[in-house]
Amino acid sequence: MTTDTEQAAGAAGRSPVADSGYGRAFAHFYDRLFPQDGSDRVTAAALADLHPGGATLELGVGTGRIAVPLSALVGEVTGVDSSPEMLDRLREASAASAAPVRPAHADIRVFDDGAEYGLVYCVCGTLSQLLTPEDQRAAVRRAAGRLAPGGTLVVETHNPGLVASLHEGLQRTSFFVPYPEPGTGLQTYSTLMPERGIWHTTHLWHENGSVSLGTEITRLTTPEEVDRYAEEAGLVPVSRWGDWSGGAFDETHSPVHISRYTAADGGGAR
């Protein structure tokens with residue numbers, strides 16, 4: 001017997017869940033990619049400050065890197081993800097910390113559990129893993145549809161301007177980021193396909209003499225596109241940041257864009 005919402009209400013619960021395979025590639029080392037520098041708690045605290053009250057929903061919960069610390073601040077978080085592998089890691093993390101995070105195995109483009117949430121958030125570039133405007137629009141519309149009247153939607157994803165500047169006019173480049181532990185670091189081979197708006201990256205995680213490999217394809221999504229999706233879904237733009245400390249967004253230098261929207265009294269589009 002399952003204790004979480006594996007069979008979400010609506011289409012997400014009655015049909016196989018479409019999954020890109022991201023979790024199969026990254027789940028076993030995903031949490032090691034993020035330095036243990038407290039950035040997860042900074043993000044959780046910022047989201048808690050934006051929370052208008054009521055229930056909480058994360059779209060693309062992954063291993064619970066944000067949902068687990070956020071649940072300590074706001075109570076139960078429902079976390080949706082298409083990857084069984086990521087959700088297995090989430091269960092382990094939430095059990096280890098007794099965090100009230102409720103996993104839901106579903107596609108964020110069609111998820112509909114019939115509930116209303118005061119805060120819905122989609123962070124860590126999840127929206128950009130949907131590779132067409134139509135799919136991104138569908139995900140934002142679903143998010144809006146889950147908002148309670150006066151609720152808040154927060155979307156964070158990569159800043160295309162920074163990605164382009166890192167490439168310095170080249171289509172292909174590579175990076176190596178050393179981590180504090182000896183022999184540990186992340187090597188990335190990066191390719192831009194500007195005609196398609198696609199960013200292809202292959203990551204090699206080096207640790208203790210071993211290498212883990214993961215490849216991802218994301219869509220370079222502009223803040224203006226996210227604004228348009230949200231407005232089409234009946235939401236009102238409120239603010240935009242360039243980091244979780246509330247820094248101003250810079251089109252060239254900010255690593256991400258973080259956008260906040262609110263639902264009118266009647267909620268978002270259903």
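Q: Leaving aside its neighbours within four places in sequence, which residues is Gln136 in contact with?
A: Contact means heavy atoms within 4.5 Å. By that rule, and with neighbours within four places in sequence left aside, Gln136 touches Leu127, Ser128, Leu130, Arg219, Thr221 and Tyr229.

Q: What should I know about the model and its numbering before going on?
A: This is a predicted model, where local features need pLDDT of at least 70 and side-chain atom pairs count only at pLDDT 80 or more, while totals for chains, interfaces and linings use all residues. Residues are numbered from 1 along each chain as its sequence is written, and side-chain values use heavy atoms, with hydrogens and water left out.

Q: In which helix is Gln136 found?
A: Helices (H or I, at least four residues) and strands (E, at least two) are DSSP runs, numbered from the N terminus. Gln136 belongs to helix α7.

Q: Is Gln136 buried or exposed?
A: Buried means under 20% relative accessible area, exposed over 50%, and partly exposed in between (1.4 Å probe, protein chains only). Gln136 has a relative accessible area of 0%, so Gln136 is buried.

Q: With which side chain does the side chain of Gln136 make a polar contact?
A: A polar contact is a pair of N or O atoms within 3.5 Å. Within protein, one atom must be able to donate a hydrogen and the other to accept it, and residues adjacent in sequence count only if both atoms are side-chain atoms. For Gln136 the partner is the side chain of Thr221, at 2.9 Å.

Q: How do I read the packing of α7 and α9?
A: Two packed helices are described by the angle between their axes and the distance between the axes. Axes are lines fitted to C-alpha atoms, for helices over the stretch in contact, and angles run from 0 to 180 degrees between N-to-C directions. Here α7 (residues 133–145) and α9 (residues 223–232) pack at about 50 degrees, with axes 9 Å apart. That makes α7 oblique to α9. The cut-offs are under 35 degrees for roughly parallel, over 145 for roughly antiparallel, 65 to 115 for roughly perpendicular, and oblique for the rest.

Q: Which residues of α7 and α9 meet?
A: From α7 come Pro133, Gln136, Arg137, Val140 and Arg141; from α9 come Tyr229, Ala230 and Glu232. By class, the contact of α7 with α9 has four nonpolar, one polar and three charged residues. Ala, Val, Leu, Ile, Met, Phe, Trp, Tyr, Cys and Pro count as nonpolar, Asp, Glu, Lys and Arg as charged, and the others, Gly among them, as polar.

Q: At what angle do α4 and α5 cross?
A: Their axes cross at roughly 40 degrees and come within 8 Å. α4 and α5 are therefore oblique to each other. Asp40, Arg41, Ala44, Ala45, Leu47 and Ala48 of α4 meet Pro69, Leu70, Leu73 and Val74 of α5. That contact of α4 with α5 has eight nonpolar, no polar and two charged residues.

Q: Which residues of α5 are buried, and what covers them?
A: In α5 (residues 67–74), the buried residues are Ala67, Val68, Pro69, Leu70 and Ser71. Their cover includes α4 (39–50), β1 (56–59), β2 (77–81), α6 (84–97), β3 (101–105) and β4 (117–122).

Q: Where do Asp112 and Asp113 lie?
A: Asp112 is in the loop between β3 and β4, and Asp113 is in the loop between β3 and β4 too. Asp112 is partly exposed at 24% relative accessibility, and Asp113 is partly exposed at 22%. The side chains of Asp112 and Arg146 form a polar contact of 3.0 Å. The side chain of Asp113 makes a polar contact of 2.5 Å with the side chain of Tyr117. The side chain of Asp113 also reaches the backbone nitrogen of Ala115 at 3.1 Å.
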